[in-house]
Amino acid sequence: MKKTITISELFEKYNKALESALKMNYLVRDTSLQEEESNNLKSLKNLIKSVKYQVIEHGDEKLANRLFHLQNVLNSVSSLLQMWVVIKKEEYTAAWGLLIDAHEYLDLALKAIQGDEGFWGLDVYQQKLKTIEEVCFPGFPLYNSWGAKTKGGKCTICKEYYESCDHLEGLIYAGRLCTIVGYEALEPDHSALVTNPRDRRCIINKISTSEGFMRDYITWKLTDEPVPSVEEAGSDPMIMNCTLFVNHMIEWD
Ligand SMILES: [Zn+2]
């Protein structure tokens, strides 16, 4: 027998799942409970996504966007719970990546209902994300930002070459984000330290010290990695080890 679910039942499930998951959104909560809640959110997200695809087939753009909104909020909270799990394992760079995922999913959730009212206290959640970031991480004065020569990327909406289609990168079309994937060539041609990068995952990892060893920028621990010598540098150069590029995209469809 095929099970069916109504849209209002789906919204009810969504509200209950979020209420339950947000009870685990604290450092001191049990790790296995946090993992369990994060996985529950992922399962519900998959259900919502499958309903969304049926809605897209029926041509209901507004409902598809609302379901995409729910999908992104669930992805955001699920990422945040995973961040607590990983932070307790002292995997801080991975934790930072998950926090950025949570931010990006929330931004996408808000974009999906632009001009429409939200369904849940997202402003409170957004503030909480910012607070968690400030309390858990030292803040990065600079990030790495790169530019690249690209060729042959395809549009995620129509699957055609982006250059020849009418969709615009960053816009949402009936519950899906237009972005460019599957480049035939991607050749980074420059990078720069900036305060407002395209990807906040590209952080400073280590900095040089006068002790002659590199310091971990997140934990502030002096590592046993010697400061590399740099030719043609001034008398007291600051040497940084940065992440230049992270091959990671959040769910767009
Ligand atoms: Zn397109």
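Two residues are in contact if their C-beta atoms, placed from the backbone, lie within 7 Å. By that criterion, and leaving aside neighbours within four places in sequence, Val77 is in contact with Leu18, Ala21, Leu22 and Leu41. The model is predicted. The protein has five helices and ten strands, and its domain assignment gives domain 1 (7-136) and domain 2 (143-242).

**Overall dimensions and packing**

- Taken along the principal axes, the C-alpha atoms of the protein fill a box of roughly 70 × 50 × 35 Å.
- Of the 253 residues in the protein, 26% are buried.
- Among contacts in the protein with a separation of 6 or more, 64% are between residues 24 or more positions apart.

**Domain arrangement**

- The centres of domain 1 and domain 2, taken over C-alpha atoms, are separated by 25 Å.
- On the domain 1 side, 15 residues are in contact with ten residues of domain 2.
- At least two residues of the side of domain 1 that touches domain 2 come from each of α2 (31-57), α3 (61-88) and α4 (92-112).
- α4 gives the largest share of that side, with eight residues.
- Sorted by class, the side of domain 1 that touches domain 2 holds nine nonpolar, three polar and three charged residues.

**Largest nonpolar core**

- The largest nonpolar core has 38 residues, and those touching the most other members are Ala21, Leu67, Val77, Met83, Leu99 and Ala102.
- Helices α1 (7-22), α2, α3 and α4 each supply at least two residues of this core.
- The core lies between domain 1 (7-136) and domain 2 (143-242), because both domains give residues to it.

- Helix α3 has 28 residues and spans 41 Å from its first C-alpha to its last, close to the 40 Å expected at 1.5 Å a residue.
- Most of α3 is covered, with 21 of its 28 residues buried.
- Glu90, which follows α3, has a positive phi near 60 degrees.
- Leu74 lies in α3.
- A residue is buried if 20 or more other C-beta atoms lie within 10 Å of its own; Leu74 has 27 within 10 Å and is therefore buried.
- Not counting residues up to four places away in sequence, Leu74 touches Leu41, Leu44 and Lys45.
- Leu74 and Asn40 are 34 residues apart in sequence, and their C-alpha atoms are 9.5 Å apart in space.

- Strands β7 (residues 204-208) and β8 (residues 213-216) run antiparallel and are joined by three bridges.
- Ser208 has Met214 in β8 as its bridge partner.
- The hairpin formed by β7 and β8 has four residues between the strands, and Gly212 in the turn has a positive phi of about 95 degrees.
- β8 also pairs with strand β9 (residues 222-226), in the antiparallel sense and over two bridges.
- Arg215 has Leu222 in β9 as its bridge partner.
- Five residues lie between the strands in the hairpin of β8 and β9, where Trp220 takes a positive phi near 70 degrees.

Technical notes: Residues are numbered from 1 along each chain as its sequence is written. This is a predicted model: local features need pLDDT of at least 70, side-chain atom pairs count only at pLDDT 80 or more; totals for chains, interfaces and linings use all residues. Domain bounds come from an automatic or database domain assignment. Ala, Val, Leu, Ile, Met, Phe, Trp, Tyr, Cys and Pro count as nonpolar, Asp, Glu, Lys and Arg as charged, and the others, Gly among them, as polar. A nonpolar core is a set of buried Ala, Val, Leu, Ile, Met, Phe, Trp, Tyr and Cys residues joined through C-beta atoms within 7 Å. A residue is buried if 20 or more other C-beta atoms lie within 10 Å of its own, exposed if 12 or fewer, and partly exposed in between; C-beta atoms are placed from the backbone. Two strands pair if DSSP finds at least two bridges between them. The expected span of a helix is 1.5 Å times one less than its number of residues.
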